[in-house]
Amino acid sequence: MSTDTSARWRLRAHAALGALVAALPAWASAAPRFADYPAPAIYQGRGAQPLLADAHSRHYATRLRDAATEKPDFAGRYVLATLGCGASCTMSTAIDAKTGAVAWLPFTVCCWDADVEDHLEYKLNSRLLIVHGARNEQGGGTHYYQFNGKRFAEIRTPPRHAPHPPGDHQ
């Protein structure tokens, strides 16, 4: 490589690295946070029996009734119940502790990374649900949903792998 070509290559590499470093703060702040989606109130009353309004809910009636005995743990007044649907596969539903309404997550989740502690992240005081893994056995990554009391709506999905800061080699 000539000295002239080497200098141009280094200049381009430095420019690319600079752009990457400049983008890191924007990427880091782009992921939704639990605080961005607060629950309106925390329900303190007695849990209602789940309403088995559809065939899917009736099929899992026993599991839903068992889950409904738990205290709310999601979005202020919901019990997020996770049921197995195969090897490393789960399906989930939010059961309204106040009314008994059942809202299913519209996909199954599987194939999350081994370093993921829990494939679903959620909090009592937030409507945000973070899903790690493949939805309906397609793709993978981390996906963000907000719950409005009736359905889960995807917020957006950031890149699967964050760029590594300079000097951070894996």
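In this predicted model, strand 1 (78-84) and strand 2 (residues 89-96) pair in the antiparallel sense over seven bridges. One of the pairings places Y78 as the bridge partner of D96 in strand 2. The hairpin formed by these strands has four residues between them, and G86 there takes a positive phi near 140°.

Strand 2 also pairs with strand 3 (residues 102-104), to which three bridges join it in an antiparallel arrangement. In this pairing, I95 has V102 of strand 3 as its bridge partner. Strand 2 and strand 3 form a hairpin with five residues between them, and G100 in the turn has a positive phi of about 90°.

Strand 2 is largely enclosed by the rest of the structure, because eight of its eight residues are buried. C89, M91, T93 and I95 point one way from the strand, whereas T90, S92, A94 and D96 point the other way. Within strand 2, T93 has a relative accessible area of 0%; since the limit for burial is under 20%, T93 is therefore classed as buried. The side chain of T93 reaches the backbone oxygen of A103 at 3.0 Å. Beyond residues up to four places away in sequence, T93 touches L64, V79, L80, A81, V102, A103, W104 and L105.

The largest nonpolar core comprises 15 residues, of which F74, L80, A94, L129, V131, F147 and F152 touch the most other members. Strand 1, strand 6 (128-132) and strand 8 each supply at least two residues of this core. Apart from this core lies another, of ten residues, among them L64, M91, V102 and W104. The contacts of F147, not counting residues up to four places away in sequence, are F74, A75, Y78, A94, A103, R127 and F152.

Elsewhere, four strands form an open sheet in the order 5-6-8-9, with antiparallel pairing. Its edge strands, each pairing on one side only, are strand 5 (120-121) and strand 9 (152-154). Strand 8 (residues 142-147) pairs with strand 9 over three bridges, and Q146 stands opposite A153 in strand 9.

G139 lies in the loop between strand 7 (134-135) and strand 8. Its relative accessibility is 71%, so G139 counts as exposed. G139 and C110 are 29 residues apart in sequence, and their C-alpha atoms are 10.0 Å apart in space.

Conventions. Residues numbered from 1 in each chain as written. Predicted model: local features only at pLDDT ≥ 70, side-chain atom pairs only at ≥ 80, totals over all residues. Heavy atoms only, no water. Pairing = 2+ DSSP bridges. Buried < 20%, exposed > 50% of the residue type's maximum accessible area, 1.4 Å probe, protein only. Polar contact = N/O pair within 3.5 Å; in protein donor to acceptor, adjacent residues only side chain to side chain. Contact = heavy atoms within 4.5 Å. Core = buried A, V, L, I, M, F, W, Y, C linked by side-chain atoms within 4.5 Å.
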